[in-house]
Amino acid sequence: MYTQALNANPDADAPQLEDAALLARFEARVADEARIEPNDFMPAAYRRTLTRQISQHAHSEIIGMQPEGNWITRAPSLRRKAALLAKVQDECGHGLYLYAAAETLGTSREELVDQLLSGKAKYSSIFNYPTQTWADIGAIGWLVDGAAIMNQIPLCRCSYGPYARAMIRVCKEESFHQRQGYEIMLTLARGSAEQKEMAQDALNRWWWPSLMMFGPPDAASAHSDTSMCWKIKRFSNDELRQKFVDATVPQAHFLGLTLPDPDLVFDEAAGHWRYGTIDWEEFKQVVAGNGPCNRDRLATRRKAHEDGAWVREAARAFAEKRAAAKTAAAA
Ligand code: FAQ
């Protein structure tokens with residue numbers, strides 16, 4: 001299995017010869033659906049790809065607070081404000097949870113956060129699009145959280161224990177987020193002509209970026225083969241994208257909205273909705289830092305980090321004081 005993964009990922013570290021027995025045990029455990037835990041042996045490339053995926057996931061949750069956070073002060077009612085506030089806080093919690101899971105692989109949170117702030121680390125393309133109207137908050141909950149759930153439910157069965165366990169709670173919360181988003185869309189779609197138009201406009205703008213969230217097509221996905229071999233990913237990017245389209249198209253019909261894809265057609269024989277061509281050039285540009293909001297998102301995150309410096313200093317001072325007290329008590 002490891003050889004297979006190495007072929008798919010030529011950069012992966014070659015295992016040390018003396019690790020052959022450990023490697024065989026690792027492979028057997030993955031094959032048996034056992035969980036790999038932080039203190040277990042794992043190939044360096046397994047550790048690296050997990051650190052990469054989990055930290056990118058954590059960064060996405062943290063940056064993902066911004067598009068919706070923009071609307072907390074403009075929510076149309078107290079009930080909507082309370083739900084949105086709770087949702088954005090949930091996303092923050094997911095980020096912290098995921099940083100903790102990534103840290104179990106040996107990279108400190110400071111280092112991971114530095115990678116985000118320096119622009120070196122990736123985060124999901126979807127959060128580089130602006131939220132222009134209240135309907136965008138509905139569209140994000142419905143589509144973005146909907147896509148996140150489709151991608152993350154299988155991660156509850158990821159071979160790495162801390163990531164798999166973190167995903168269980170995250171998925172439960174995302175599921176609430178998806179419902180509150182859909183309910184916003186339903187209210188708008190059943191409201192005045194102007195409100196319905198607002199919902200349609202949000203769907204028009206968020207549909208294609210939501211499909212891009214699942215990552216490049218399988219043929220261009222650098223990590224999928226390795227990650228599936230190691231049971232980190234359970235489905236390919238295209239498989240998950242198709243599941244999302246199949247689940248979401250009937251929901252759009254129920255809302256009475258039109259998906260912005262003239263090529264969308266139901267394939268009776270296969271039982272799938274076939275969708276048109278995704279603009280992968282747009283995806284590449286957004287991932288490369290040239291999306292509509294990339295610069296804003298990072299600038300806002302950097303400022304929030306600087307503004308929080310006093311909290312980190314206070315926590316450090318407290319930890320030092322406590323350590324000194326313990327040393328004095330032991331002396
Ligand atoms: N955006 O070989 P693959 C959320 C990168 S959380 C940017 O296919 P892989 C909750 C990829 O990293 C949303 N970059 O990679 C929420 C790799 O770059 P690298 C985040 C992308 O890892 C809701 C390169 O392209 N969810 O929404 C994207 O096997 C509302 C090659 O790609 C997760 O992170 C993209 N869309 O598959 C929060 C879930 N796609 O590292 C707030 C966990 C790919 O070589 C509000 N992650 N890239 O430089 C995964 O399942 C996987 O990492 C994939 C990508 C499926 C995202």
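1. Leu211 is found in helix 9 (residues 193-212); helices here are DSSP runs of H or I with at least four residues, numbered from the N terminus. The model is predicted, so local features need pLDDT of at least 70 and side-chain atom pairs count only at pLDDT 80 or more, while totals for chains, interfaces and linings use all residues. Residues are numbered from 1 along each chain as its sequence is written, and side-chain values use heavy atoms, with hydrogens and water left out.

2. Leu211 has a relative accessible area of 0% and is therefore buried (buried means under 20% relative accessible area, exposed over 50%, and partly exposed in between, with a 1.4 Å probe and protein chains only). Apart from neighbours within four places in sequence, Leu211 is in contact with Arg241, Phe244, Val245, Tyr275 and Ile278, where contact means heavy atoms within 4.5 Å.

3. Helix 7 (residues 135-152) packs with helix 11 (residues 237-255) at an angle of about 145 degrees, their axes being 10 Å apart. Axes are lines fitted to C-alpha atoms, for helices over the stretch in contact, and angles run from 0 to 180 degrees between N-to-C directions. On the helix 7 side, the residues that meet helix 11 include Trp142, Leu143 and Met150; their counterparts include Phe244, Ala247 and Leu255.

4. Helix 7 itself is largely enclosed by the rest of the structure, because 16 of its 18 residues are buried. At 1.5 Å a residue, these 18 residues should span 26 Å, which agrees with the 25 Å between the end C-alpha atoms of helix 7; the expected span is 1.5 Å times one less than the number of residues.

5. The largest nonpolar core has 78 residues, and those with the most contacts inside it include Tyr46, Tyr163 and Trp206. Such a core is a set of buried Ala, Val, Leu, Ile, Met, Phe, Trp, Tyr and Cys residues joined through side-chain atoms within 4.5 Å. Tyr163 touches, among others, Leu50, His57, Leu98 and Cys158, not counting residues up to four places away in sequence.

6. Most residues other than glycine have a negative phi. Glu33, which is not a glycine, has a positive phi of about 65 degrees; Glu33 lies in the loop between helix 2 (20-31) and helix 3 (44-63) and is partly exposed, at 43% relative accessible area. Lys231 has a positive phi near 60 degrees and is found in the loop between helix 10 (224-229) and helix 11. Lys231 counts as buried, at 18% relative accessibility.

Conventions:
Helix = DSSP H or I, 4+ residues; strand = E, 2+ residues; numbered from the N terminus.
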